[in-house]
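Good morning, and thank you for joining this meeting. I shall present one protein model, moving from the overall fold to selected residues.

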Amino acid sequence: HPSMGSHVVFELYRKPDATSPNDYYVKMLYNMKELALPACDYSVLCPWPKFHQIMHDLTPKNFAEERNL
């Protein structure tokens, strides 16, 4: 479990000539240390479409129902 005062940061990066969602990346930091994400092939920079899909899959679809589990 995270210790008291821990924090998570999500940073969004884009290529200078970005023209599509594939030109954006997310970096996740835990207590200011970069995390290599397993779902992103253990890369520190996760392509935005992949990160978005991961978060979509993990987000409850019916929060009120799941809250009572």
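**Overall architecture**

The secondary structure of the protein chain comprises 2 helices and 4 strands. Please bear in mind throughout that this is a predicted model. Read from the N terminus, the elements follow the order β-β-β-β-α-α. The radius of gyration is 15 Å, well over the 11 Å that the globule rule gives for 69 residues, so the chain is more spread out than a compact globule. Along the principal axes, the C-alpha atoms occupy a box of roughly 45 × 30 × 20 Å.

Two further totals describe the chain. Of its 69 residues, 14% are buried. The accessible surface amounts to about 5700 Å², and carbon and sulfur atoms account for 59% of that surface. As for contacts with a separation of 6 or more, 20% of them are between residues 24 or more positions apart.

Let me turn to the interior. In soluble globular proteins, nonpolar side chains tend to be buried together. Here, the largest nonpolar core has 7 residues, namely V26, M28, L37, C40, C46, F51 and I54. Two or more of these residues come from each of β2, spanning 24-30, and α1, spanning 48-58.

Setting aside residues up to four places away in sequence, V26 touches F10, E11, L12, V44, L45, C46, W48 and F51.

**The disulfide**

How many disulfides does a search of the whole structure find? The search returns 1. The link joins C40 and C46, with the sulfur atoms 1.9 Å apart. The torsion about the S-S bond is -45°, and the link is left-handed. Are the two cysteines buried or exposed? C40 has a relative accessible area of 6% and is therefore buried, the cut-off being under 20%. C46 also counts as buried, because its relative accessibility is 0%.

**A buried lysine**

The next residue is K27, which is located in strand β2. With a relative accessible area of 13%, K27 is buried. Which side chain is joined to that of K27 by a polar contact? The partner is E34, at 2.8 Å. Beyond its neighbours within four places in sequence, K27 is in contact with V9, F10, E11, Y13, E34, V44 and L45.

**Loop residues**

N31 lies in the loop between β2 and β3. Its phi is near 50°, a positive value in a residue other than glycine. N31 counts as partly exposed, because its relative accessibility is 30%.

D41 is placed in the loop between β3 and β4. The phi of D41 is near 55°, again positive in a residue other than glycine. At 72% relative accessibility, D41 counts as exposed.

Y42 is located in the loop between β3, at 33-34, and β4, at 45-47. Is Y42 buried or exposed? Y42 counts as exposed, because its relative accessibility is 59% and the exposed class begins over 50%. Finally, Y42 and Q53 are 11 residues apart along the chain, and their C-alpha atoms are separated by 16 Å.

Key
Residues are numbered from 1 along each chain as its sequence is written. This is a predicted model: local features need pLDDT of at least 70, side-chain atom pairs count only at pLDDT 80 or more; totals for chains, interfaces and linings use all residues. Side-chain values use heavy atoms; hydrogens and water are left out. A nonpolar core is a set of buried Ala, Val, Leu, Ile, Met, Phe, Trp, Tyr and Cys residues joined through side-chain atoms within 4.5 Å. Buried means under 20% relative accessible area, exposed over 50%, partly exposed in between (1.4 Å probe, protein chains only). Contact means heavy atoms within 4.5 Å. A polar contact is a pair of N or O atoms within 3.5 Å; within protein, one must be able to donate a hydrogen and the other to accept it, and residues adjacent in sequence count only if both atoms are side-chain atoms. A disulfide is a pair of cysteine sulfur atoms within 2.5 Å. The radius of gyration is taken over C-alpha atoms; the globule rule is 2.2 Å times the number of residues to the power 0.38. Accessible areas come from the Shrake-Rupley method with a 1.4 Å probe; for residues, only the protein chains shown count as cover.
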